[in-house]
Amino acid sequence: MILSVVWLTILSTKMYYKVSGVTGKLTGATAASAYSPQGLKGTVPSQAPPIIFAVPTKVVSETGSVAHYMGINKVPELQMIFQKTDGAPVHLKRGVMDKMLYRTMMGLTIGGTLYCLMALYIVAQPRKPQ
C-alpha cells in the first residue's frame, strides 16, 4: 500500500530538465526555465517590424504600361512540341540532341554498373598467399 502511494506520487510529479550552460549536461529545472531556454524568451515586441517590400522599387510612370522581359516567350512553342501525339517519350521529343544525351547516359549507366560488378568480383576473391 505504501509502495503504491510512493509510485503514484513519483509518477504524478513531472520532472523538467535543461542543459546547463556551464557543464553542458542535463540538470533539473523548473517548468518555466525548461520551456523557455536562454535566448528564446517569449516577449511581445513593442512595435511591429517594418514591412520590407511595402514600397515599390520603381514608380509606375517609370516602367510604362508594358512589361519588359529579357527574352522571348518560348512556352507556346515548347507546348506544341511536347503535346504532339507522336508516340515518343517526353525526354526524347526535342530531337537528335535529346537522343544523343539519352544514349550517352544509358551507356555510362550500363558501363558504371559493369565496372562496379567487376570491382565487387575482384574484391570478393580470396587473397593469394605471398
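**Labels and their cut-offs**

Author: Val-19 is exposed, with a relative accessible area of 51%. The model is predicted: local features need pLDDT of at least 70, side-chain atom pairs count only at pLDDT 80 or more, and totals for chains, interfaces and linings use all residues. Residues are numbered from 1 along each chain as its sequence is written, and side-chain values use heavy atoms, with hydrogens and water left out.

Reader: Why is Val-19 called exposed?

Author: Exposed means over 50% relative accessible area, buried under 20%, and partly exposed in between (1.4 Å probe, protein chains only). Val-19 has 51%, so the label is exposed.

Reader: Why is Lys-93 called buried?

Author: Its relative accessible area is 15%, and buried means under 20%, so Lys-93 counts as buried. Lys-93 is found in the loop between helix H4 (75-82) and helix H5 (96-124); helices are DSSP runs of H or I with at least four residues, numbered from the N terminus.

Reader: What makes Asp-86 and Lys-93 a salt bridge?

Author: The term requires a side-chain nitrogen of Lys or Arg within 4 Å of a carboxyl oxygen of Asp or Glu. The closest N and O atoms of Asp-86 and Lys-93 are 3.3 Å apart, so the pair qualifies. A search of the whole structure finds 1 salt bridge.

Key:
Helices (H or I, at least four residues) and strands (E, at least two) are DSSP runs, numbered from the N terminus.
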